[in-house]
2 protein chains.
Amino acid sequence: MSILVVGSAALDSVETPTGRVENALGGSAIYFSTAASFFTESIRMVAVVGDDFPQEHVAFLESRRINIEGLERVEGGRTFRWGGRYTDDLNSASTLFTDLNVYGDFQPKLPEPYRDTPYVFLANINPELQLNVLEQVNRPKLVVCDTMNLWINTSRVALMQTLEKVDILILNDSEARLLTGEDNLISAAKKILTCGPSRVIVKKGEHGAISLTETTFFSAPAHPLESVCDPTGAGDSFAGGFLGHVASVGNTAEETIRQAIIYGTIVASFNVEDFSLERQRILKRAEIDRRYEELRESTRY
Amino acid sequence: MSILVVGSAALDSVETPTGRVENALGGSAIYFSTAASFFTESIRMVAVVGDDFPQEHVAFLESRRINIEGLERVEGGRTFRWGGRYTDDLNSASTLFTDLNVYGDFQPKLPEPYRDTPYVFLANINPELQLNVLEQVNRPKLVVCDTMNLWINTSRVALMQTLEKVDILILNDSEARLLTGEDNLISAAKKILTCGPSRVIVKKGEHGAISLTETTFFSAPAHPLESVCDPTGAGDSFAGGFLGHVASVGNTAEETIRQAIIYGTIVASFNVEDFSLERQRILKRAEIDRRYEELRESTRY
């Protein structure tokens with residue numbers, strides 16, 4: 001079944017201890033869609049770029065059969081650019097610059113055929129825009145939402161309004177603590193369940209992820225990585241693998257969700273092995289499935 | 001099969017955000033033996049106390065059928081006392097006082113019948129004493145060792161000599177990083193495998209534990225705890241549950257080890273629910289088994 005993603009398209013300049021790239025393809029909607037494209041074919045992307053957005057990137061998205069009717073191209077505008085540096089702690093980037101450009105005026109407009117998409121991913125954008133997107137869709141089957149510390153700190157009211165309308169919130173451990181004021185992650189997750197989402201998924205980097213509903217608890221392992229090249233896009237790749245699998249199965253049973261969390265974990269683990277989307281460009285579905293079995297073996301007892 | 005543990009017996013005074021205790025039963029050998037006693041009956045303890053060590057504690061150990069022939073009682077001496085305070089971060093204690101007393105002159109002497117014990121746990125004592133213990137045992141089947149930042153910082157040479165002679169090192173994440181200088185835990189664990197142990201188990205608190213050998217990787221979940229009363233003794237309770245199960249099964253197959261890590265996780269999760277050994281005093285084997293099934297369910301996919 002189809003997936004709608006609304007997020008950013010960007011040209012990223014990233015430095016890590018192992019190297020650097022400039023103006024490389026990035027953005028939450030791009031990472032998400034590419035990751036989801038390993039699992040399902042009908043992905044509808046809403047994002048905005050300037051007329052400087054390289055045609056080769058458009059061609060790449062089309063090669064993944066991602067529907068880009070909703071990829072707005074602003075003539076005379078420049079694409080969102082982000083520059084960041086990761087030092088030895090690859091868990092958090094220092095932002096070197098943020099040139100919002102056309103992304104600063106982003107007003108998501110869903111093409112008419114997108115309005116009936118059953119699976120919706122609200123990537124990490126201003127929660128007011130997330131609310132706006134939800135007003136444009138017709139009773140989706142599942143709404144999954146991401147957020148970040150910026151919105152928790154600056155747009156809490158709108159964020160809480162958004163949360164009332166989403167089914168699953170995906171966020172990382174520090175965001176869960178910041179959002180709830182709870183240091184204990186189980187307590188933080190339970191508090192989030194009182195704000196609207198019926199499920200919360202907390203990503204813990206090298207420690208895997210946990211998923212809670214009112215009645216279920218799932219602990220997902222991390223793929224054991226010794227080195228990370230570039231963590232940019234890991235969260236969106238996780239979400240893409242996750243929702244891609246859910247949409248391909250077509251239900252939200254606990255079993256499906258658990259498998260989807262593992263698939264999300266795996267696509268993210270591949271994504272961080274190289275800069276930008278380089279690893280995903282050459283990734284094969286068989287590699288995903290092999291790592292899925294390895295991960296299963298690593299938790300069996 | 002029998003287990004030998006060499007470690008401390010102590011009277012602990014502990015403050016946490018939820019309460020405090022004074023001169024409560026503690027010490028690595030005590031926590032370990034109690035935890036192991038849920039799984040196996042033949043536990044041989046070597047430790048030292050003063051003549052102020054309350055008879056009720058001796059009676060408690062005897063009630064768990066722990067062999068205390070090796071519990072040395074120094075007439076006119078005082079028992080080791082430790083005082084610590086946990087603030088909101090329950091992962092690390094501030095030491096308020098350390099009165100080594102008779103423990104300061106501890107020279108482990110194994111009673112003759114202990115020398116042939118197949119399973120040996122070297123609790124967190126000076127690595128020179130750990131080496132000394134290994135000289136007193138006859139070809140044990142399995143030697144498991146614990147350590148801490150104090151010995152890593154002050155007795156690294158002796159610690160490395162000990163590691164050459166142990167089969168399994170159990171330590172926590174910060175200790176693994178300190179010992180190896182590796183920030184990545186997988187890299188840290190692999191480095192430890194080059195120092196002697198054929199297996200390393202890294203405890204990660206709320207994130208569970210990982211176990212590595214040259215050819216295997218196991219990721220164990222944590223029991224999802226919302227509140228911790230007192231973390232004192234969690235590591236030794238983990239080790240006790242772990243080795244207790246291994247000794248009860250009588251082999252060190254990967255399957256046995258994995259189950260043992262889960263049992264260790266569970267006994268530790270109970271131990272932190274109350275001060276000192278209070279929770280273990282009333283714990284039933286059926287409760288352990290119930291939590292074992294819950295944990296299995298929380299990782300199933």
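**Questions about a predicted model**

Biologist: How many helices and strands does chain A have?
Modeller: Helices here are DSSP runs of H or I with at least four residues, strands are runs of E with at least two, and both are numbered from the N terminus. On that basis, chain A has eleven helices and 14 strands.

Biologist: What is the radius of gyration of chain A?
Modeller: We take this radius over C-alpha atoms and compare it with the globule rule, 2.2 Å times the number of residues to the power 0.38. For 301 residues the rule gives 19 Å, and chain A comes close to that, so it is as compact as a globular protein of that length. The radius for chain A is 18 Å.

Biologist: Good to know! Which pLDDT do local features need?
Modeller: Residues are numbered from 1 along each chain as its sequence is written, while chains are lettered from A and ligands numbered from 1 in the order in which they are written. This is a predicted model, in which totals for chains, interfaces and linings use all residues, side-chain atom pairs count only at pLDDT 80 or more, and local features need pLDDT of at least 70.

Biologist: What percentage of the residues of chain A count as buried?
Modeller: A residue is buried if 20 or more other C-beta atoms, placed from the backbone, lie within 10 Å of its own, exposed if 12 or fewer do, and partly exposed in between. Of the 301 residues of chain A, the buried share is 51%.

Biologist: Which residues touch the most other members of the largest nonpolar core?
Modeller: Such a core is a set of buried Ala, Val, Leu, Ile, Met, Phe, Trp, Tyr and Cys residues joined through C-beta atoms within 7 Å. In soluble globular proteins, nonpolar side chains tend to be buried together. Here the largest core has 94 residues, and those touching the most other members are A:V5, A:A9, A:F121, A:V144 and A:L243.

Biologist: At roughly what angle do the axes of α8(A) and α9(A) cross?
Modeller: Axes are lines fitted to C-alpha atoms, for helices over the stretch in contact, and angles run from 0 to 180 degrees between N-to-C directions. The axes of α8(A), residues 234-249, and α9(A) come within 7 Å. They cross at roughly 140°.

Biologist: And how many residues of chain B does chain A contact?
Modeller: Two residues are in contact if their C-beta atoms, placed from the backbone, lie within 7 Å. By that test, 23 residues of chain A meet residues of chain B numbering 22.

Biologist: Which elements of chain A each supply at least two residues to the side that touches chain B?
Modeller: Both helices and a strand take part. They are α7 (185-192), β14 (217-220), α9 (254-271) and α11 (285-299).

Biologist: Is B:S276 buried or exposed?
Modeller: Most residues other than glycine have a negative phi. B:S276 has a positive phi of about 50° and is found in the loop between α9 (254-271) and α10 (278-282) of chain B. With 21 other C-beta atoms within 10 Å, B:S276 is buried.

Biologist: Where is B:N23 found?
Modeller: B:N23 also has a positive phi, near 50°. It counts as partly exposed because it has 15 C-beta neighbours inside 10 Å. Its place in chain B is strand β3 (residues 19-26).
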